[in-house]
Amino acid sequence: MRKLDDNRKETILSYIDEHYSQYNEIPTVREIAEGTGIATTSVHRYLNALQEAGELEYKGHRGINTRRMDMETVQYSMPVLG
């Protein structure tokens, strides 16, 4: 098996985060492939490798969650007086 390219890993992570920021939904593997120009089978390989490296959680289809997404979804609550 060929070594995975670090530039492609970053391209995939960036695409997922940008898509999520713009549409407020996680892209499908097919959307990632179309948006990055990387073949669907390669996207699957990279997502699995990124999951093993702890860069994201991947559960198939739209079950993708990156660390950047986790940081964006932190919510703060404050009591309202009045």
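Read from the N terminus, the elements of this protein follow the order α-α-α-β-β-α, giving four helices and two strands. The model discussed here is a predicted one. Of the 82 residues in the protein, 29% are buried. Among contacts between residues at least 6 apart in sequence, 56% join residues at least 24 apart.

Two packed helices are described by the angle between their axes and the distance between the axes. Here the axes of α1 and α2 come within 10 Å and cross at roughly 110°. Because angles of 65 to 115 degrees count as roughly perpendicular, α1 is roughly perpendicular to α2. The crossing of α1 past α2 is right-handed. On the α1 side, the contact is made by Thr 11, Ile 12, Tyr 15, Ile 16 and His 19, while α2 supplies Glu 31, Ile 32, Gly 35 and Thr 36. Sorted by class, these are four nonpolar, four polar and one charged residues.

In soluble globular proteins, nonpolar side chains tend to be buried together. The largest nonpolar core in this model has 15 residues, and those with the most contacts inside it are Ile 12, Ile 16, Ile 32, Val 43, Leu 47, Leu 56 and Ile 64. Two or more residues each come from α1, α2, α3 (40-52) and β1 (56-58), with α3 giving the most, four residues.

Notes: Residues are numbered from 1 along each chain as its sequence is written. This is a predicted model: local features need pLDDT of at least 70, side-chain atom pairs count only at pLDDT 80 or more; totals for chains, interfaces and linings use all residues. Side-chain values use heavy atoms; hydrogens and water are left out. Axes are lines fitted to C-alpha atoms, for helices over the stretch in contact, and angles run from 0 to 180 degrees between N-to-C directions. Angles under 35 degrees count as roughly parallel, over 145 as roughly antiparallel, 65 to 115 as roughly perpendicular and the rest as oblique. A crossing is left-handed if the near helix is turned anticlockwise from the far one by less than a right angle, and right-handed if clockwise. Contact means heavy atoms within 4.5 Å. Ala, Val, Leu, Ile, Met, Phe, Trp, Tyr, Cys and Pro count as nonpolar, Asp, Glu, Lys and Arg as charged, and the others, Gly among them, as polar. A nonpolar core is a set of buried Ala, Val, Leu, Ile, Met, Phe, Trp, Tyr and Cys residues joined through side-chain atoms within 4.5 Å. Buried means under 20% relative accessible area, exposed over 50%, partly exposed in between (1.4 Å probe, protein chains only).
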